[in-house]
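Here is a colleague's note to read beside the model. Please keep the structure open and follow the points in order.

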Amino acid sequence: MRVASPTDKRLLIFANPTSGRGRGVGIAERLMPTLATGGFVPGLVTRPASTLTADELSVGAHAIVVIGGDGTLRGVVEQYVRVLGPAAVPPVLFIGLGTANVMQKHLGLRYARGALPTDVLSLLQNRHVRLLDLAMANDRVVLLMVSCGIDAAVVHKLAAARRGPITMLSYVPPAVETLFTHAYVPVSVRVDGRSLVEDRPALVFVGNVREYGTGFPVLRNASSDDGLLDVCVLPCSNPRQLAHMILLVLRGRHVHMPGVKYAKGRVIEVDSPHTVPVQIDGDAAETLPVCVRLLDARVPFIVR
């Protein structure tokens with residue numbers, strides 16, 4: 001889908017100052033002169049998107065460029081949704097500098113790093129847009145995936161210990177610790193008001209895309225623009241069963257295994273009588289219960 005360019009060519013560049021070990025702001029500053037020569041009026045934002053007002057967000061009329069990780073992207077979109085409404089999110093061009101960059105991979109965006117400014121200018125001028133489903137988990141935006149269980153517990157531990165930029169190796173200590181301390185407690189899952197699972201120890205994944213983390217195809221039947229959320233419930237009551245499930249997921253053989261539940265719907269509710277951590281798009285969220293619901297509005301992403 002191609003969107004006609006408006007006469008207003010203002011845009012905002014959101015750069016996370018810690019992403020890519022501090023490279024985000026430098027990349028933004030490299031882009032701005034080239035974008036200006038192309039007729040754009042770029043503004044640079046380096047503070048958290050959650051601090052921006054409606055007037056400030058409205059400056060990015062033509063498009064917004066987000067430089068950072070998947071969490072940075074989610075935070076920017078979330079502020080637009082909260083302040084201006086779901087339908088007011090401008091076309092988004094994402095330049096991933098996080099640890100996984102799942103959304104950039106999902107969109108198939110590869111940049112000519114040696115000529116990044118001219119590459120970005122071309123993308124913004126052409127503005128080919130792909131509309132992706134938008135969801136909310138309680139009061140937080142979801143672009144990729146929500147999960148509940150041991151993987152979310154690792155994300156929570158990492159967030160508590162984090163003191164700056166991270167790499168994939170940063171996940172190893174909290175993962176090892178969680179493997180030996182995690183309690184596999186019962187959860188219940190409802191899809192559009194119907195019970196899918198009742199009081200069973202399990203890992204729960206809800207989302208728009210197939211990929212998780214470094215590419216685990218947990219929601220292997222998911223489509224990010226089909227107007228539905230996918231949910232996968234993997235039975236898991238001990239570390240041995242966890243290892244077995246991981247192997248099945250890696251091979252794409254988990255969906256039809258006994259005990260695994262896979263469904264699609266617009267409202268997914270997950271609950272437990274116990275404290276179960278939740279992660280959203282790779283960031284620590286709160287704990288269960290969580291209600292993930294699909295919105296009618298979609299987010300326009302700029303693609304090639």
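1. Glu56 is partly exposed, because its relative accessibility is 29%. The cut-offs are these: buried means under 20% relative accessible area, exposed means over 50%, and partly exposed lies in between (1.4 Å probe, protein chains only). Glu56 forms a salt bridge with Arg47, with 2.9 Å between the closest N and O atoms. A salt bridge here is a side-chain nitrogen of Lys or Arg within 4 Å of a carboxyl oxygen of Asp or Glu. Arg47 is partly exposed too, at a relative accessible area of 40%.

2. A word on the source. This is a predicted model, in which local features need pLDDT of at least 70 and side-chain atom pairs count only at pLDDT 80 or more, while totals for chains, interfaces and linings use all residues. Residues are numbered from 1 along each chain as its sequence is written, and side-chain values use heavy atoms, leaving out hydrogens and water.

3. Now Thr51. It sits in the loop between β2 (41–45) and α2 (54–57). Helices (H or I, at least four residues) and strands (E, at least two) are DSSP runs, numbered from the N terminus. Thr51 is partly exposed, at 39% relative accessibility. Its side chain makes a polar contact with the side chain of Arg47 at 2.8 Å. A polar atom of the Thr51 side chain also lies 2.7 Å from the backbone oxygen of Pro48. A polar contact is a pair of N or O atoms within 3.5 Å; within protein, one must be able to donate a hydrogen and the other to accept it, and residues adjacent in sequence count only if both atoms are side-chain atoms. Leaving aside residues up to four places away in sequence, Thr51 touches Glu56 and Gln79. Contact means heavy atoms within 4.5 Å.

4. How many salt bridges are there by this rule? The count is nine. One of them joins the side chains of Asp119 and Arg304, at 2.7 Å from N to O. Asp119 is in helix α5 (residues 116–126) and Arg304 in the segment after β15 (290–303), so the pair ties together parts 185 residues apart in sequence. Asp119 counts as buried at 12% relative accessibility. Arg304 is partly exposed at 49%.

5. Asp230 and Lys264 form another salt bridge, with the closest N and O atoms 2.7 Å apart. This pair links distant parts of the chain: Asp230 is in strand β10 (residues 229–235) and Lys264 in strand β11 (residues 261–265), 34 residues apart. Is Asp230 buried or exposed? Asp230 counts as buried, because its relative accessibility is 0%. Lys264 is partly exposed at 33%. Elsewhere, salt bridges that share partners join Arg74, Glu78 and Arg82 into one network.

6. Arg74 and Glu78 are among the buried residues of helix α3. In α3, 11 of the 14 residues are buried, so the helix is largely enclosed by the rest of the structure. Helix α3 (residues 70–83) should span 20 Å at 1.5 Å a residue, and its end C-alpha atoms are 20 Å apart, which agrees. The expected span is 1.5 Å times one less than the number of residues. Gly85 follows α3 and has a positive phi, near 105°.

7. The largest nonpolar core has 74 residues; Phe14, Ile67, Leu124 and Leu143 touch the most other members. Apart from it lies another core, of 27 residues, among them Val185, Leu229, Val231 and Val290. A nonpolar core is a set of buried Ala, Val, Leu, Ile, Met, Phe, Trp, Tyr and Cys residues joined through side-chain atoms within 4.5 Å. Beyond four places in sequence, the residues that Leu143 touches include Leu73, Arg74 and Val77.

8. Strand β7 (residues 145–148) has Met145 and Ser147 pointing one way, Val146 and Cys148 the other, and all are buried. Four bridges join β7 to strand β9 (residues 194–207), and the two run antiparallel. Three bridges join β7 to strand β13 (residues 277–280), again antiparallel. Two strands pair if DSSP finds at least two bridges between them. Val146 has Val206 as its bridge partner in β9 and stands opposite Ile280 in β13.
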